[in-house]
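Colleague: Please show me the model, and let us then examine the terms used to describe it.

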Amino acid sequence: MDHLLVGQDAVPTFVEVKRASDTRARREVVAPMLDYAANGSAFWQLDQLRGWFEGDDPQAATGHLVTWLDSAGEDPEEVAAQFWDAAGANLREGKVRLVFVADEIPASLQRLVEFFNEQMPRACGGAGC
């Protein structure tokens with residue numbers, strides 16, 4: 001996996017970036033991404049994610065988070081706590097986003113992604129996951 005992000009909706013997002021010339025796109029992109037999604041809570045704990053975000057200056061990072069979430073005027077520590085609690089819950093529950101980025105998407109990879117997108121409502125029981 002090339003990037004691990006957490007969106008403003010507190011959903012962990014796994015991003016894999018490949019060049020079209022990389023012939024491994026289907027086999028060596030989809031399987032590892034599914035592995036990360038299935039085992040994300042085992043690989044990354046919430047404290048680790050938050051630590052990566054905060055770096056050496058947790059106070060500044062919290063300020064950036066409050067600005068990013070458009071939560072000015074609210075208690076910064078409470079905003080951060082709610083965001084990271086939600087991110088942790090999403091990670092534990094497997095509510096993650098998988099993003100494949102390439103300069104050109106091979107037809108076989110596109111079909112796999114479309115298939116998964118079509119199947120998710122059925123897998124989630126129509127629960128809007």
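Modeller: Among contacts between residues at least 6 apart in sequence, 62% join residues at least 24 apart; contact means heavy atoms within 4.5 Å. This is a predicted model: local features need pLDDT of at least 70, side-chain atom pairs count only at pLDDT 80 or more, and totals for chains, interfaces and linings use all residues. Residues are numbered from 1 along each chain as its sequence is written, and side-chain values use heavy atoms, with hydrogens and water left out.

Colleague: Why is Asp75 called partly exposed?

Modeller: Buried means under 20% relative accessible area, exposed over 50%, and partly exposed in between (1.4 Å probe, protein chains only). Asp75 has 45% relative accessibility and therefore counts as partly exposed. Asp75 lies in the loop between α3 (58-68) and α4 (76-93).

Colleague: Why does Phe115 count as partly exposed?

Modeller: Its relative accessibility is 37%, so Phe115 counts as partly exposed. Phe115 belongs to helix α5 (residues 107-123).

Colleague: Which residues form the nonpolar patch on the surface?

Modeller: Leu34, Leu98, Phe115 and Phe116 form it, with about 300 Å² of accessible area together (Shrake-Rupley method, 1.4 Å probe; for residues, only the protein chains shown count as cover).

Colleague: What share of the 129 residues is buried?

Modeller: Buried residues account for 28% of them.

Note on methods
Helices (H or I, at least four residues) and strands (E, at least two) are DSSP runs, numbered from the N terminus. Patches are made of residues with over 30% relative accessible area and no salt bridge: like charges are joined within 9 Å, nonpolar side chains (Val, Leu, Ile, Met, Phe, Trp, Tyr) within 5 Å. A salt bridge is a side-chain nitrogen of Lys or Arg within 4 Å of a carboxyl oxygen of Asp or Glu.
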